[in-house]
Amino acid sequence: MGLFRSKKVSRGKQRVEPQLFSGRGRERKGSSRTNSSQKSTRRRSFFGRLIRFGFMLAFFGAVGLAAIFGYIWVTLNENGLLKIPDREPGIMILASDGTVLAEQGAFNGDEARLADLPSYVPNAVIAIEDRRFRSHYGVDPIGLIRAFYINYRAGRLVQGGSTLTQQLAKNLFLSPDRTIERKLQEVVLAVWLETKFTKDEILQLYLNRVYFGSGATGIEKAARTYYQKPASELTITEAATLAGVLKAPSANNPAANPQAAADRARLVIQSMADAGFITSGEAAELADHPAELKASSYVPAKQYIVDWVGEQLPEFVKDYEQSLVIETTIDPQLQSQAETSLRKRLNTEGAKLAASEGAMVVLDGTGAVRAMVGGKSYKRSQFNRATKAKRQPGSAFKPFLYLAALEQGFTPDTIEVDEPVRIGNWSPENYRKKYLGPVTLETALALSLNTVAAKLVMQVGPENMVAVAHRLGITSKLGTDASIALGTSEVSLLEMTSAFVPFSNGGYPVVPFAVTRILTRDGKVVYERNGSGFPRAITPSDLGGMNRMMQAVVTDGTGNRASFEGFEIAGKTGTSQDYRDAWFVGYTSELIAGVWVGNDDNSPTKKVTGGLIPAEIWHDVMEPAHRNLTPRPLPGDSQVIAGVPSTITQVDVQEGSGDSVPPPRSQNGGFFDSLFGSKKKTQAEPQRKRTTLTAAERTKRAQEER
């Protein structure tokens, strides 16, 4: 029984096993609730740590950015960039009458004042470049995000996020390099600008310093370049067009790409409407009436002078911080006439005769440059052919030979025989290969006879001819063989013209110049030309002989087309081999001018000689330049014709010259008529017997005369 009871009890105990099982279930439920709570705690702990990490990252990121910002700020300050740079000093070049010949740079500083501009001028720029300009602090986060999104959608860079202030910082201080460092510097400088200046001051700086294409920096220069008016007179469509240029000055240039500029201007106008600067109705009306371009593609030839003066400026003023006023010797009317004539003759006769380029220089007796034209079109070619091009002068170089001969005792009446000649392997020939026999030196120079010049240089000595050329103003290196008599060494037009000045001013060499005085904008003189000049290089007797011979070149010789009434005119034509270069250098007692015509590639012309286009250009310019001047005779002791040295007819003149001889301008008797009589049959006078002198005797006599 006891055992049975104990088993019952055991089974009874077993019966309560479900209860025991139920208890374990409760334990499991409690455990589940505990695990869930732990997981929730762990999640809260993870997000907490993530948030804390984010705050820490933001904090240290801000500290890092602040450190970078501060470092860049200090670096920029140490480099002196935290100040607005002054505009590069400008230059104002004045003509001889005080009028402005040209102006470079910002002579008067920032030219446009925001208060003087119509409100739509700056508003057009704000609308298209930085619509939130008035509200941000130099950097526009919204604009950056928008630009990033648009560029991401496009898959390429189509929009920038830089504000006007950032653009100004880049223009004022930084290089155009696209680097992270430069971008960070741009941001720092933009913030600095916003702390130092008002929005209007920043906007004014921007409008005066930004580039608008076509060489125009600043809104004032842009308005004058494209519309020939000051910025204060711009219309709203013109302002929109200029604002549209800023993004791409080449692609949106109104002069180079008018359609692209018009399309861009319509976008600016719509942006102005979207920004509330104009109404939608006004925008629609303006879009149908684009701005009319009034820009001129013409660049006057006076720019050659501006460049030449600019090249010399460092010699006169080493360093300058103020704008300069440069006073020059240029005569505006003479300059305009020279440019007009050169361009006209080259476009007419030059086009027919394959002569595409030319140059001209006009000097007075002191060496002052009164006019200079370095080419037919400055816009097409800025190369100054008057100062930089060196070409063979041909027979225009002969006066130096003839002066050397006079200094050794020859006279204008000395007889030489025009005949075929051979000097070593060199056999110079006359134009048309005609020979006239015995002629005077005067006749030989007037007709530019090459054989006589070749024989003469062998008697005088090439080295003596070269010495004379250098003494009178030729600075180029010259050859010393016999061919120098025919101008085979290359020289510039300016030095050739200046070397003829002593024949006009009484025998005194000069150095050509254009600058007389330089002043700072406040009136301080920093340079003034002075000096007594060179001593006389030609005696009165030799000068008289040279002027007598070179007058014959114009009155009856190869330079006849240059002549005009009322003044004694002398000069010399020149034509290089194969008609590659044509020259005429002539003078009166008032002015000296040289003209060159040819091609830049040194190709031959169609028989253009110095007596054709160059002499005609010379006449076009010099005749009106002398209208209000009192005639004065050329300097030098008069040379008396000592008999009849030869028997040349007018037919001989036309066929035997070294340069072509056009029909005379006047029917009046000239040198050859006075020398040989008119065309009527007359009794020929017996030829004067010539006394032959040795070279030593001629030299001794020349020394006695001097």
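**Exercise 1.** In this predicted model, determine which residues of helix H17 (residues 462–472) are buried, and on which side of H17 they lie.

*Solution.* Taking buried to mean under 20% relative accessible area, one finds that the buried residues of H17 are Pro462, Met465, Val466, Val468, Ala469 and Leu472. These residues cover an arc of only 160° around the axis, which puts them on the same side of H17. As a next step, look for what lies over the buried residues of H17: the cover includes helix H14 (398–407), helix H16 (450–460) and helix H18 (493–505). Finally, at the end of the helix, H17 is followed by Gly473, whose phi is positive, near 140°.

**Exercise 2.** Describe the surroundings of Ser576, stating whether Ser576 is buried or exposed and with which residues Ser576 is in contact, leaving aside neighbours within four places in sequence.

*Solution.* Begin with the location: Ser576 belongs to the loop between strand S10 (570–575) and strand S11 (581–587). Its relative accessible area is 7%, so Ser576 is buried. Once neighbours within four places in sequence are set aside, the contacts of Ser576 are with Gln392 and Asp581. With Asp581 there is a polar contact, made between the two side chains at 2.8 Å.

**Exercise 3.** For the pair H3 and H7, and then for the pair H9 and H10, work out how the helices are oriented and which residues meet.

*Solution.* Helix H3 (residues 120–129) packs against helix H7 (residues 199–209) at an angle of about 90°, and their axes are 11 Å apart. Because angles of 65 to 115 degrees count as roughly perpendicular, H3 is roughly perpendicular to H7. On the H3 side the contact involves Pro122, Val125, Ile126 and Glu129, which meet Leu203, Tyr206 and Leu207 in H7. Sorted by class, this contact has 6 nonpolar residues, no polar ones and 1 charged.

For the second pair, helix H9 (residues 236–245) and helix H10 (residues 258–274) have axes 8 Å apart and pack at an angle of about 110°, which makes H9 roughly perpendicular to H10. Here Ile236, Thr237, Ala240, Thr241, Ala243 and Gly244 of H9 meet Ala261, Arg264, Ala265, Val268, Ile269 and Met272 of H10. The contact of H9 with H10 divides into 8 nonpolar, 3 polar and 1 charged residues.

Methods. Residues are numbered from 1 along each chain as its sequence is written. This is a predicted model: local features need pLDDT of at least 70, side-chain atom pairs count only at pLDDT 80 or more; totals for chains, interfaces and linings use all residues. Side-chain values use heavy atoms; hydrogens and water are left out. Axes are lines fitted to C-alpha atoms, for helices over the stretch in contact, and angles run from 0 to 180 degrees between N-to-C directions. Helices (H or I, at least four residues) and strands (E, at least two) are DSSP runs, numbered from the N terminus. Angles under 35 degrees count as roughly parallel, over 145 as roughly antiparallel, 65 to 115 as roughly perpendicular and the rest as oblique. Contact means heavy atoms within 4.5 Å. Ala, Val, Leu, Ile, Met, Phe, Trp, Tyr, Cys and Pro count as nonpolar, Asp, Glu, Lys and Arg as charged, and the others, Gly among them, as polar. Buried means under 20% relative accessible area, exposed over 50%, partly exposed in between (1.4 Å probe, protein chains only). A polar contact is a pair of N or O atoms within 3.5 Å; within protein, one must be able to donate a hydrogen and the other to accept it, and residues adjacent in sequence count only if both atoms are side-chain atoms. The arc is that of the directions from the helix axis to the C-beta atoms.
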